[in-house]
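Here is a short report for a reader who is new to this structure. Keep the sequence and the 3D view open while reading.

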Amino acid sequence: MRYFIVTLAVSLCWLHQDWFIWPILAELNYQENFLSWIVAEEHEVKFGIPANVGFQLFLSIATAFVAFIAVWKAWPKELERWAEADGYRGRGRGRGGRYRPRGGGSKSSAGSKPSNRQTSRPESNKDSSERTRRRRGGRGRGGNSQSQPRAGE
Amino acid sequence: MNLLAFAAQSNLPLWMVGAYLVILLGLGMFSSNLFRGTSKDFFVASRSIGPFMLLMSVFGTTMTGFALVGSTGKAFMTGVAVFGAVAVWSGIVHSSVFFMIGTRLWAIGKRLGYVTQVQFFRERFKSHTLGTVLFVLLVLFIIPYLLIGIISAGKFMQGTAGLDPRLTGLVICSVVLTYVFMGGVRSAAWANTFQTLVFMLTGIVAFAMIAKSVAAKTEEGSGTFLENVKRSTELVEQVKPERLVRGVHPEKLNRYDESKKTYMIQSVEGDYEGAYETWKLAISEHLTALLEKHGGHDKSVDTVEFEALGSLQRQEFAFVITELISGGAAEKIMAKKAMPHSGGERERVKLANLHQEQLATAKIAAADDSDIEKQFTALVLLELRRPEAPIEPVAPRASMSRLLWITYLFIPLSVGMFPHVFQHWLTAKSAKTFRLAIVAHPICIALVWLPCVFIGTWAAGLHAMGELTVPVIPGTDRPNPSAVLGAVVGQLVQNSWLMGLLMIGVLAAIMSSLDSQFACLGTMFTNDIVLPWKGKDYYSDRDTVKIARCFVTGVVVASYLLSLGLMKTASVFNLGVWCFSGFTALFPIIFAALYWKRATAVGAYACIVVTGVLWILWFRDSGYGADKGYTVLGMLPMAPLTIVSAMALIVGSLATKAPEGRTINKFFPNSTR
């Protein structure tokens, strides 16, 4: 989805360079087809607005629409969880920042597949309840591939 | 009626501005009641600002007085292309920057407790010195930007209400200082929300009223709102069509084709060279005859002899000498020999005046049939005018070249490096708070810019028709773009309420940026200089707030005093515009710090050095900003500046050791790996 959003954003930038559009529209006008009603030359005033301004105004609205799709479908949900996590904990062990959204039960993580490698921690407080940790690679201390709760949890 | 006279007639606009400032102060007092007394609340409003206030405060901060006054003036000079080049680009780029940079910086700030950009850069690049260098640069870049706000407000009120700019500066600085001092960024956010709503409303109301006034000047007269807009724009289409396109208007192309055709015919049929040779012969013969008569034995006329001539002879002699001077090198030498003193500046002016007099007399005599002899002499004299070569018409140019249009993309990138915008981002309650700002920002920009661009374009049409007088730039005969909006309201609408609303709108736009900049500089001095110097735990939280308040006061006082000193110089405006380029050129640092794990301190230093060197070089080359149309390879200077600085950052980073894994883990969420 993120690639699609990036494509849309790049398309907006490309459409913003509108000089290639006017000759195409003029050609459509010449053909007198079903699109003729939207056709205008760059300088033509339609509904009190020059066609080029109307097109740029349309791009502003399209930008808002693309932004809406971006925040709806490509929102970085994990970023908020990462931000809420305690940034100082674990840094001394060279593992700071390795927080992932919890797999199940949360709307924000609906897009990601729940993993059996993630385990929940006791919900002692709000912050810690939203946090899980993942042990990287190899086998866990318990002799299996699943990560284990940290000491004292 | 001019704006000044109109404003002076009625005190209502000033009362409205006074009432607005009182309301703003009241709002500041109210919001300061919400202040929790902690440094976190003073610097980042305890990260508790909701979506609507975040949108309004960030939008208000990014839109300066330029959004109302500057956009109108720019549209007056360039036409509707300004809307696409600045407003639409800003909509696309700002939303992208909020999404990609804003949310991520918020997350890092929240996670690691940062309140300034410098704190982030110091830890991300593991270099205290780099942070200090960036601190100095950011402060240096933001001060002219801040001064422009104070000076613009002063000048605007001087032009519209005849107020002393020093008084205006004092009043707005005091009001802003009061609410920022009391509530910090929280008060700034509340005030910005209010001020942003005010200046958005102002633009729309002014648009409707001005559309009605412009439409009233058309044959159809004014009608409904949409009819007024249509008629006003059609009026421009008739008198100044080139203002309605970014490229070349077909009407202008037609005119060019016609003049090109005339030129071709003249070039082929005119035989200019033959006519010139004939003229050379005729005028040298005429001069010889004159010198025979008046030149004495040395065949020249000195000052005394020239003054001794009769009035008609003097005119005739001056006519011949001036025509000779306008010819080639041989003719100039001939003139010098005949009249040795003709080379001086004073004499030239005198000769030119006499030439004009003779020309006027000869034209009248040539048209008069009653005296055939006089008519014949006049016609002979008129034949002595140097034949003019046909001038090749210049091909019409687009209002804005394609390359320039593309490079406008770089202007809004500066928002990613503005320290005051960074601080507003950190006030967000959660990352989700950004959603409204990301979606609604392009619409808000269009809402503010579109009316102003139309007003500026209509003003260009009315100016061409002679229906609008725009004050000129002192020392030139060019209209002053900054005076366009005031002139339109003053001369067309003549409504005290609208005038008052316009004053409030412009002040709101300026103050909504000023408060954030003041708060931000106070925050930066406290957190980037004092606290690292004394140690984080040296001061209590309450003391930290006190220090920040002292710095905010100091920054406001220093800015005001500086503005007094620089009030009459234009250089601060030129510098301010160039400081924008500086922010944009530093954008690659923030982008790389967030998205490129390989970015290093050396890369950041390389980016800063390249920016500094090229910035100084091009700034000097542009006459220290005096050349407003200065471009580098046909682009806005900030485009090559940013591209080269980004390349320097990449090369510098790749040439040095990659950052430690620990640093990477600290700043990059797993999901982005």
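From the N terminus on, chain A runs through its elements in the order α-α-β-β-α-α-β-α-β. That gives chain A 5 helices and 4 strands. Helices (H or I, at least four residues) and strands (E, at least two) are DSSP runs, numbered from the N terminus.

This is a predicted model, in which local features need pLDDT of at least 70 and side-chain atom pairs count only at pLDDT 80 or more, while totals for chains, interfaces and linings use all residues. Residues are numbered from 1 along each chain as its sequence is written, and chains are lettered from A and ligands numbered from 1 in the order in which they are written.

**Chain A**

Chain A has 153 residues, and 28% of them count as buried. A residue is buried if 20 or more other C-beta atoms lie within 10 Å of its own, exposed if 12 or fewer, and partly exposed in between; C-beta atoms are placed from the backbone. Take the contacts in chain A between residues at least 6 apart in sequence: 42% join residues at least 24 apart. Two residues are in contact if their C-beta atoms, placed from the backbone, lie within 7 Å.

**Where the chains meet**

In chain B, 50 residues are in contact with 40 residues of chain A. Five helices of chain B each supply at least two residues to the side that touches chain A: H6 (81-112), H10 (225-239), H18 (402-407), H21 (434-465) and H28 (661-667). H6(B) gives the largest share of that side, 15 residues. By class, the side of chain B that touches chain A has 25 nonpolar, 13 polar and 12 charged residues. Here Ala, Val, Leu, Ile, Met, Phe, Trp, Tyr, Cys and Pro count as nonpolar, Asp, Glu, Lys and Arg as charged, and the others, Gly among them, as polar.

**Two helix pairs**

One pair spans the two chains, and the other lies within chain B. Axes are lines fitted to C-alpha atoms, for helices over the stretch in contact, and angles run from 0 to 180 degrees between N-to-C directions.

| Helix pair | Angle | Axis distance |
|---|---|---|
| H4(A), residues 77-84, and H6(B) | about 20 degrees | 7 Å |
| H8(B), residues 128-161, and H26(B), residues 601-621 | about 25 degrees | 11 Å |

At an angle of about 20 degrees, H4(A) is roughly parallel to H6(B). Angles under 35 degrees count as roughly parallel, over 145 as roughly antiparallel, 65 to 115 as roughly perpendicular and the rest as oblique. H4(A) passes H6(B) in a left-handed crossing. A crossing is left-handed if the near helix is turned anticlockwise from the far one by less than a right angle, and right-handed if clockwise. From H4(A), the contact uses A:Leu79, A:Glu80, A:Trp82 and A:Ala83; from H6(B), it uses B:Thr103, B:Arg104, B:Ala107, B:Lys110 and B:Arg111. These residues divide into 4 nonpolar, 1 polar and 4 charged.

H8(B) and H26(B) are also roughly parallel to each other. H8(B) passes H26(B) in a left-handed crossing. B:Leu130, B:Val133 and B:Leu137 of H8(B) meet B:Ala601, B:Ala604, B:Tyr605 and B:Ile608 of H26(B). This contact has 7 nonpolar residues, no polar and no charged ones.

**Cores**

The largest nonpolar core has 204 residues. A nonpolar core is a set of buried Ala, Val, Leu, Ile, Met, Phe, Trp, Tyr and Cys residues joined through C-beta atoms within 7 Å. Helix H9(B), residues 165-215, supplies the largest share of this core, 22 residues. B:Val176, B:Trp449, B:Ile455, B:Val488, B:Leu507 and B:Val552 have the most contacts inside the core. Leaving out residues up to four places away in sequence, B:Val552 touches B:Leu177, B:Val180, B:Phe181, B:Phe518, B:Ala519 and B:Gly522. A second, separate core has 20 residues, among them B:Phe306 and B:Phe319.

**An enclosed helix**

Helix H5(B), residues 69-78, has 9 of its 10 residues buried, so it is largely enclosed by the rest of the structure. Its buried residues pack against H6, H8, H21, H22 (484-493) and H23 (496-534) of chain B. Just after H5(B), B:Gly79 takes a positive phi of about 105 degrees.

**Two loop residues**

A:Phe47 is not a glycine, yet it has a positive phi of about 55 degrees. A:Phe47 sits in the loop between strands S1 (45-46) and S2 (49-50) of chain A. With 10 other C-beta atoms within 10 Å, A:Phe47 is exposed.
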